[in-house]
Amino acid sequence: MKAVAALLNEMRDAGIVADYALFGAAAQMRYTEAVATLDADMLVAVPAQARLDVLAPLYAFCARKGYRPEGEAIRVGAWPVQFIPVFSPLTEAALKEADTADFEGVPLRVVRADYLAVLALSVGRAKDFVRILALIESGSVLPERIKELAERHGLFEAWLRFKTRFLDE
């Protein structure tokens with residue numbers, strides 16, 4: 001992950017991305033026990049462009065650095081990295097509020113646990129519900145905080161369904 005962090009910081013410094021943050025299962029491992037994942041999902045804010053393929057500059061930058069596409073990802077060391085452009089007010093807020101962690105001496109922006117939970121809630125797959133429960137059980141996020149963010153981002157009904165199904169006795 002150190003090589004991934006270095007690459008993303010270099011992309012930000014070069015203006016290829018305005019900001020970035022690790023999210024998804026790889027980010028969850030900062031807050032809970034290790035989970036199985038095949039890749040690192042990287043949320044990115046890209047400068048406004050008049051082009052259809054907003055990720056083309058990222059892929060070109062990676063190619064110049066010797067990193068090549070592998071399916072939907074770019075392999076950086078041991079990690080296939082998927083770049084996901086900010087696509088909603090929720091992902092924009094998650095990126096803006098991300099923390100900076102130290103990864104073997106290299107800063108790496110990581111989405112906070114509360115936003116990881118609400119992002120998982122917004123997707124709503126079974127594995128996403130497991131992620132939310134793991135974040136709550138680890139003490140990384142309180143249900144009240146998930147409720148607050150869910151309300152703010154139009155997911156209150158999804159929160160109520162989740163709470164009723166998994167948290168109410």
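D128 touches A120 and V123, leaving aside residues up to four places away in sequence; contact here means heavy atoms within 4.5 Å. D128 sits in helix 6 (residues 126-137) and is buried, with a relative accessible area of 2%. Buried stands for under 20% relative accessible area, with a 1.4 Å probe and protein chains only. Y20 lies 108 residues from D128 in sequence and 22 Å from it in space, C-alpha to C-alpha.

A word on the model: it is predicted, so local features need pLDDT of at least 70 and side-chain atom pairs count only at pLDDT 80 or more, while totals for chains, interfaces and linings use all residues. Residues are numbered from 1 along each chain as its sequence is written, and side-chain values use heavy atoms, without hydrogens and water.

Now to helix 1. Helices are DSSP runs of H or I with at least four residues, and strands are runs of E with at least two, numbered from the N terminus. The buried residues of helix 1 are V4, A5, L7, L8, N9 and M11. Among the elements covering them are these strands:

| Strand | Residues |
|---|---|
| strand 1 | 19-23 |
| strand 2 | 40-45 |
| strand 4 | 73-76 |
| strand 5 | 79-85 |
| strand 7 | 106-110 |

Helix 3 (56-64) is also part of that cover. After helix 1 comes G15, with a positive phi near 80 degrees.

Finally, L90, T91, A93 and A94 of helix 4 meet Y115, V118, L119 and S122 of helix 5.

Note on methods: Buried means under 20% relative accessible area, exposed over 50%, partly exposed in between (1.4 Å probe, protein chains only).
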